[in-house]
Amino acid sequence: MQNYLIDMDIGGVAVTPNLRKLMNENIRFENMYYQTSVANTSDAELLCNNSLYPSEDKVSCYEYEKNRFYALGERMAEAGYITKAYHGNQASFWNRSQVYNQYGYHKFIDDSDMDRSSICGMGISDSSLFKQFIEMEIRKMKNQKSFYFIITLSQHHPFDEFEKYNFSVGQYEGTIFGNYLKAAHYADCAIGEFINGLKEEGIYNNCLLFMYGDHAGLPDEYYFQNEHKFKKAYDINWVREQKVAAVLHLPDDVKNNLGKLYPRKVDKITGQIDILPTLCNLLGLNDDFLLGEDMFDFSNDGIAILRDGTVIGKNMIYFEGDSKVYSKEGVKRKMSQSEEKQIEKAKERLKSSDFILENNVIKIEKSYININNIYT
């Protein structure tokens, strides 16, 4: 779910009316970029759960499957929550049966644990997934501290399931982009059903919900072979397309405590690597081993470091491919000293993440911390 879909209308009809309403009523992150690499969804899971970058050229969920992580699931479990992950696909896909255990989830529910009578594309339809989730978990949610990581599936390339879906896309009818818009509308309807289900059960106002898009909606080739004709390497408009939809709903008690401290729209430049630090600060979780930063830290304008080395700031974009800086309007210009330092820091952050994964550093550091705790 990319960000531009939220404000898009076709023939005066919103493509994603439920998400638009959700964002208007809650906190929208307007400048969140995806930072995935060669493994797309599983890379996004690594980023969100660990605040680490995926490998540039390896499939991290296999390459580092035996690494020690200190992920969101484990941090929530330490805080007294029962933690589960849900996905309407096979547990073996992207090695989730192994990885989710490494991320600290008590249980992973895949398609083998659910009714498969409603299949859409790669697995259980979003609508069915949400309905089954509420049926299976609602009583537990009311009686214990519960945390869930849910991955939807229907709005995923190639979108063939939606060619005859009843949503008019006007001039885009019969195109891959038109089918993508139909898939987005379907996914939005499923999200609307999910929100309504939480409200009907009386728990919506007690839930913290964070929703984010995990990677590009359309294959890169579409943008360079069709009417858009982007020049991927150094095209400012291409970079702007790489924002994903992201929204945060806070429980009523948190909203009341915060008052007007948190804005409805956050225009700070952010990335998926910043999700975990933000949740850690909101929920009072341990914030060790994080490379991202709290998205509500307004002491700076933020930065998004993409896995290919592209650096996006509020007023500039740096492309690693030509080592040049461009203004946000797309004009090539001289790099300032502060920007040079920022770019060097970005490169070091990518190197640090690679070092952590390649050397299983968290295992060493956690062991050291545990030893210290024993002796103190």
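What you have open is a predicted model, where local features need pLDDT of at least 70, side-chain atom pairs count only at pLDDT 80 or more, and totals for chains, interfaces and linings use all residues. Residues are numbered from 1 along each chain as its sequence is written, and side-chain values use heavy atoms, with hydrogens and water left out.

**Stop 1: valine 13.** Select valine 13, which sits in strand 2 (residues 13-14); strands are DSSP runs of E, at least two residues, and helices are runs of H or I, at least four, both numbered from the N terminus. Leaving aside neighbours within four places in sequence, valine 13 is in contact with Met8 and Phe167 (contact means heavy atoms within 4.5 Å).

**Stop 2: helix 1 and helix 7.** Now pick residues 17-25 and 176-200: helix 1 and helix 7 pack at about 50 degrees, axes 7 Å apart. Axes are lines fitted to C-alpha atoms over the stretch in contact, and angles run from 0 to 180 degrees between N-to-C directions. Among the residues making the contact are Pro17 and Leu22 of helix 1, and His185 and Ile195 of helix 7.

**Stop 3: helix 12.** Next, select residues 337-358, a helix of 22 residues. Which residues of helix 12 are buried? Glu339, Ile343, Ala346, Arg349, Leu350, Ser353, Asp354, Ile356 and Leu357 are (buried is under 20% relative accessible area, exposed over 50%, partly exposed in between, with a 1.4 Å probe and protein chains only). They cover an arc of only 165 degrees around the axis, so they lie on the same side of helix 12; the arc uses the directions from the helix axis to the C-beta atoms.

Key. The expected span of a helix is 1.5 Å times one less than its number of residues.
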